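Trainee: Could you take me through one part of this model in detail? I would like to look closely at the place where the two chains meet.

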Amino acid sequence: MKIPHYLFSVLFLCLSLVSCIEEQDFDQADDIVIEPTLEASIFYFETTEDVINSNPDPAGFYTNDFNFDAFKDDYFSDNVIEGSIFYQLENTTSKPVIVTIELIDDGGNVLDTTVLNIGAEAVNTTDVEVFYGGTSARPLDIIRNTSALRLSAQNLGDDTSISSKANPKLIFRSSANFKISVR
Amino acid sequence: MINRFFIILLFVCTFLGYAQNKQLMYDFKEVPQSILLNPGIETGLGMYVGVPLLSGTSFQAGSSGASVNDFFANDGLDINDKIRERALYGMKPTDELSGSFQVEILNVGFRSKKNPDNFYSFGIYTEGDAIGYWFKDYAILGFEGNANRLNQRFNLSHLKTRGEMVNVFHFGINKRVDRNLIVGARAKLYSGIFSFRSTKNEGYFVTTPGENNLLASTLVADMELQTSGLNSIKDANDNGTGVGSLLAKRGMLGGDLGVGVDLGFTYQLNRNTTITGSILDLGFISHSNDVKNYTLKGQATVEGVQVILPDALADPSQDFWQNLIDDVDGLIPYEENNKSYITFRPTKLYGSIRYNFGEQNRSVQDCDCKAGGSKGSLGFPNAVGGQLYVINRPRGPQTAVTAFYQRNFGKAVSLKTTYTVDKFSATNVGFGANLNIGPVNIYAMADNLIGYKNVAASQYASFQLGINVISWGKN
């Protein structure tokens, strides 16, 4: 059978369209950076003024250690790059208060301490953000080794008065915001 | 190095999805394997035997989202910016990430001596099929995190995927009913090698201002991943007991079993015009062998460890952290089970209308048929027409429309070119050639040829090739 000559033209045309590729640089894969920033609340503490008044210990009306394994998680501790912990104190009681938050390791050693002061029946909250890693003075190892939080609260006022505000409370809030290196 | 290879492989697998449309093969009557796409095709063959592993190999690749070139082109741009622009925020949850392949192990067809109107075919092929959709919100959460995204819901339904690898044992009958009509049916027995499915996920993750604390993290999940065969493959790999022999065993009716059917027809409207249609893989597989399913169902909102006095004074030494973990585990339990499940095959529908013209070659006719003695529509040198393709997918049917032109040079050479529009490409031009050299039949087909100008930028590509031994007409 005679194959028409234009068949070869068609085949040539098709082949000429095949197998071209623009220059690719797969080394760019080495430059891929995946560093999500995650944030969540970590610790909440609330007490009524009655509790404060009921414990007139001058060293502090409350202190306790709380197990906190979130930072000890292997994946987190191995890959955390930098971040911060944000603390907020709200006080509607009739006395000024100091709240101390300490980060503690497995051996009970205090790794970092943050103190928050707030006046009686404060209009504004006391906000403190503590940075770790990156350009901050606090190394990330503080976070990596933290396995417990110690919260201590000290009443700087009297132990009998009751705030005129409805349902007076001391409230401590906190959240963490950390960048993780996935790649 | 391995890490880099993995990343590249991930990109290739993620952004080069595979489609299943075989528009070049469909109704390409001169190619024996076309009977697998329409059991009711009009064929002039008396017999064919496929060369094992070479008779029907097909591979197709496509992407409805982005291409390798979009990320790895040497364009001086930061690859992280390209990922954010073109993948994270450039692709939609409906963009496909999937794959399929087919390799024939055995394929034989022959015309009945007693009744030449009947053409029988049978064989075995291995088929792998997988599809996933762009898990957009998961990717954003993974790349960017949830910080500074208050009230933004990350949709868990963006994880939608399924896949399986099966051996298909089939037997088909093709029968000319009268001078105008040919019908066909193919029974299929599926031997499932492995399967995974996670297609009905619902829920979200969101960070909102807390009721007590600064932030509230809420997870509402109704998720399930069903698997079959994967655990034994993993065990065989870990124990070094031979993955190959396990796959062979599961593929030879030792795995999950299912049944299905293909139906098709060709109807000659007049001397020059025919219409065809087929429905393929109308069936299911029951997965009851080596099944392992994983579920995550429930909802919880957490605001961190919460210590509220005076209530907490009742048990000051309690482990508030562990209580929180236990509460979340209780509200959103992660569970495993071995419940069997059924998957329906990705059913495909083909249809076409074809206009033949030119002087019909009388040496290339249908059989010496008793049912009407029709010349059929074989042997025309030219044909033009249109084809429709629909496949059932987890996010609903996908459609492709094709226009084609076919040129035959006697029995020896047949060429077919197609232009297809689908979700992958609006400029898909394909070309197929079928050569008969004596009793040897060779065919090769390639898709989206324009895209081959820069393969890395192509969002769709495919090829099919095969070698058969054939004879024509009545045995």
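Mentor: Happy to! Strand E1 (residues 37-48) of chain A and E13(B) pair in the parallel sense over four bridges; strands pair if DSSP finds at least two bridges between them. Helices (H or I, at least four residues) and strands (E, at least two) are DSSP runs, numbered from the N terminus. Bear in mind that this is a predicted model, where local features need pLDDT of at least 70, side-chain atom pairs count only at pLDDT 80 or more, and totals for chains, interfaces and linings use all residues. Residues are numbered from 1 along each chain as its sequence is written, while chains are lettered from A and ligands numbered from 1 in the order in which they are written.

Along this pairing, A:Tyr44 stands opposite B:Gln306, and A:Glu46 is opposite B:Ile308. The two strands belong to an open sheet of five strands with mixed pairing, in the order E6(A)-E3(A)-E8(A)-E1(A)-E13(B). Its edges are strand E6 (126-133) of chain A and E13 of chain B, each pairing on one side only.
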